[in-house]
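Here are a few notes from a colleague to read beside the model. Please keep the viewer open as you go through the points.

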Amino acid sequence: MDFDQEIIEVLSKRLGFLKFFIFLVFFIIFVRLFYLQVVKGDYFFDLSENNRIKIQEMPAPRGVIYDRNGRIIANNTPSFDVSLLYSGIKQLNGILSLLSEILNLDPQEIIKKVKNSLYLPRFKPIKIKLDVNRKELSRIEFHKLDLPNVVVEFFPKRNYPLKENLAHVLGYLGEISESELTQPEYSTYTAGDFLGKSGIEKVFENSIKGRPGWLQFEVDSLGRKKGVLGSVDPIPGEDLFLTIDLGLQDFADQALGEKNGAVIAMDPNTGEILAFVSHPSFDPNLFSRGISSNDWGALIKNLFHPLANKGIQGLYPPGSLFKIVTAIAGLEEGKITPDTKFFCNGFLNFGNRPYRCWKKGGHGTLNLFEAIEQSCDVYFYQVGHLVGVDSLAYYAKLFGLGSPTGLSLENEKGGLVPTSKWKKKTFHIPWQKGETLSCAVGQGFYVVTPLQMLVLISSIANGGKLYAPFLVKKLEDEYGLIIKNFKSRDVSRLPISSKSINSIREGLWRVVQGQNGTAKIARVAGIEIAGKTGTAQVVGLPPGEVRSKLPSYLQDHAWFFAFAPFNDPKIAVVVLVEHGGFGSVVAAPIARDVIKYYLENKKGS
Amino acid sequence: MLSNFFLFDRRLITRFDLSLFFIALIIVGLGIFNLYSASVSLHAVGSVYKKQVYWLLLGIGLLLLGSFLNYSYLEQFGYFFYFFVIFLLILVFFQGKFISGSRRWLSLGLFNVQPSEFIKLSLIIILAKWFKNKFNPRGFSLFFLFIPGCFLIIPFVLIFLQPDLGSALLLVLIFFSLVFFVKVRFQTLFVLFFCAFLFSPLAWNYLLKDYQKDRVVHFLNPSIDPLGKGYQVLQSKIAVGSGKFFGKGYLKGTQSQLNFVPEKYTDFVFSVFCEEWGFTGALVLIFLYIGLLFRFLFITYSAKNSFGLLLGYGITALFFWQIIINIGMTIGLLPTVGITLPLFSYGGSSLAISLFCVGVMINIHIQKHIF
């Protein structure tokens, strides 16, 4: 017992230290709790709210695109995306293997997608596969319980029923790029969003995209919905009415057929584009939920550049179409009158080389009307020589050549209007007089887009008004209220006398209607068409060569532009067929048929 | 004879430590109150807290038994208790019920018991008895630690294999708490540390399971995978922190109601409580535990004999480590090991044995005044 008391005494002394130890440890706990709950309380409270509240975006359907008569050109169809909610995920491997099997994806590919998306907001599901088919969808639904965290999201997918027709005007959609995401004008988008990447879809993106809605709901730790806390309905994008006439568009598309090039039609009194065809084309539906690398590769590798809009991005020598400008310059500068005659024997010797006329034997003596009618090169060599290169350039620019027409599509080219100053600056050599002769017949340095030619012929058709071409007539909201009406824009009244314009009109009339007209082929009973053919050389032809023996990519481009009816023009058309050969043979019939179709069907309606 | 056994004496009533009794019951009451909140979101509403109430009734019986049973009988039958529980642990090893990956429970038909809870007290008793008998004021040598070491190793291995890392770790902590308390010689200490140093890489490579290693790694660096293994700790910290000063209110803890808090009845009950009652609630609970431990210490200090003192000290250490480790892991100070909060977490065996321990402490207190 005494020994036991000794033990107690020894041990009791050691107990005193314990009190201190317990105090210390609990003090640490106290400090930690104070830190977590008081100092960082708001932070953790926010985290718990983020855990609990998920926000689901309800995508807004893009505005529907109609033609001028209210026929659907682009709309939306339901599609379903499979996504993964990564936060709070358990049994990742099981989900991955099942998901990859159903969707026919490599599990590594899914993991890559997840890793790339970890910077997304927590609530945003990571898109694994877009636009899954019915079979995949039903299998996902069937395995719903084995696939927690996997969500099927509805998405209104962009649909273009015209497929390849009108694709260049409409453009296509694409997923927002990382560089776009960093720019302030895209601040309302998040990764994975689709937006217009080209064409009308891009230019009118802000009107057409609408505003997404939000669904706020409570979820448990497995991401199961527990109840809706609030919602904001999406606002559909504004509907867009194009100036395009769908019937004419279809017809023009078929009229150009398999040929590469462009056919554009416009109302010469307003600038409204009635039809816009560029071949070869592409199917914008391929892009609607992300284009596959195979499809993209095929488009990029195609030598005929299907993605390029030939109507505004293709640059071609204007060829004989330019003779109109040369003639106007001669008339306005007082160098010629309509009755001024020149003699053509098939070529003009200038400097120390001959400048050939297209007609080997020559046209003999002609006045201006006859020269236009027969497209005599020698006549216009003479006029060009009289006027000079800089004067030609002045008139070319009056018609808008050398700068974009301002159509509401991206990357429109301006072409080139050469001047003596320009040549000196660019090549450091002075202008050669002979070059003026080439320019006078639309060769040499001149390059233009088909749309510029259309604007030119339209201004002749309407008596001297230069209209800015446009594609969109009006914007309407979901209730059919007009948001905005687009009016035709009269860029300028050309400072050209109506006498000169009328002389040109007379000449153009004779091109189709005259005995020796180069475009007699474009005659249609009951419709007075006036126009001009053109053949743009791709390469100069060495003496003795025969053009038809050249390989196809060196063949000339075929041009034709026209308007009708002559006395009260309702439509102007330009046709360009790449490497098509003679404008009179290849391009003119297409324009003729388009005009005929339009005027006949317009009368009917 | 019977009166001798139970010491029925008026002093049993007058010297009964009511403050300790009530502190313990308040903690259990808060625990059940908290378990109700943690379980309402489950489909099997109510079963968890109701079971805990039944165990509480049994536990109060055990507490009274502990209070009135002269603890010298614990010393007397120390070996018997110890080997009986070892027998149960072996039985668990072969016959135990598998629940979520480990074999910890013995099915007794109506309910399951967890012998690893009983071994904690049995080990304290047998070590207290051993150290008392072999006490040496100059400290124990390695030789004398061999037998107590065996007392530790046998249940340690059995529990480790269940596997129940938390309980196994707790046995080691109890052992060393007692060993240091009774003092070991410097050389012994040195050898022990040397052995531990050699043993730990071996244990890391051969003994620890992958999930256990993961826990240590993720405790040391939780940012490795915030949505994977670190998820539990993070969610627990969010629950605790989001309670802020006054808490979200009873039954309104979103982290626990929506199941973001893992193991919310057992290992992480404290975060459920902190979320709903905030810093103020947490302080109340912590002060209750401090009160409990200080009362334990006071009783230990006043024990009438060295066995009582060692027993009281062991029980105090047992409670202390469980409280510290559980709260520490809940608030992200320690790695997650499955150790429950005594008197507060769900678990029948744990509650029963904890209340019995409280009873033993009360008895130590009573005994002081009897002779």
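1. Strand 21 and strand 22 (residues 557–564) of chain A run antiparallel and are joined by seven bridges. Strands here are DSSP runs of E with at least two residues, helices are runs of H or I with at least four, and both are numbered from the N terminus. Two strands pair if DSSP finds at least two bridges between them.

2. A word on the source: this is a predicted model, in which local features need pLDDT of at least 70, side-chain atom pairs count only at pLDDT 80 or more, and totals for chains, interfaces and linings use all residues. Residues are numbered from 1 along each chain as its sequence is written, while chains are lettered from A and ligands numbered from 1 in the order in which they are written.

3. Back to the sheet. It is an open one of five strands in chain A, ordered 12-11-23-22-21, with antiparallel pairing. Strand 12 (273–279) and strand 21 (530–536) of chain A are at the edges with a single partner strand each, so one side of each has no neighbour in the sheet. From one strand to the next, the twist averages 5°.

4. Now look at A:Gly174, in strand 6 (residues 173–175) of chain A. With 19 other C-beta atoms within 10 Å, A:Gly174 is partly exposed (20 or more would be buried, 12 or fewer exposed; C-beta atoms are placed from the backbone). Neighbours within four places in sequence aside, A:Gly174 is in contact with A:Phe194, A:Lys197 and A:Phe287, where contact means C-beta atoms within 7 Å.

5. How do chains A and B meet? The contact takes 36 residues from chain A and 36 residues from chain B. On the side of chain A, helix 1 gives the most, with 21 residues. That side divides into 21 nonpolar, seven polar and eight charged residues (Ala, Val, Leu, Ile, Met, Phe, Trp, Tyr, Cys and Pro count as nonpolar, Asp, Glu, Lys and Arg as charged, and the others, Gly among them, as polar).

6. Last, a helix pair in chain B: helix 6 (residues 78–95) and helix 7 (residues 115–133) pack at an angle of about 150°, with axes 9 Å apart. Axes are lines fitted to C-alpha atoms, for helices over the stretch in contact, and angles run from 0 to 180 degrees between N-to-C directions. The two helices of chain B are therefore roughly antiparallel (over 145 degrees; under 35 is roughly parallel, 65 to 115 roughly perpendicular and the rest oblique).

Conventions. Two residues are in contact if their C-beta atoms, placed from the backbone, lie within 7 Å.
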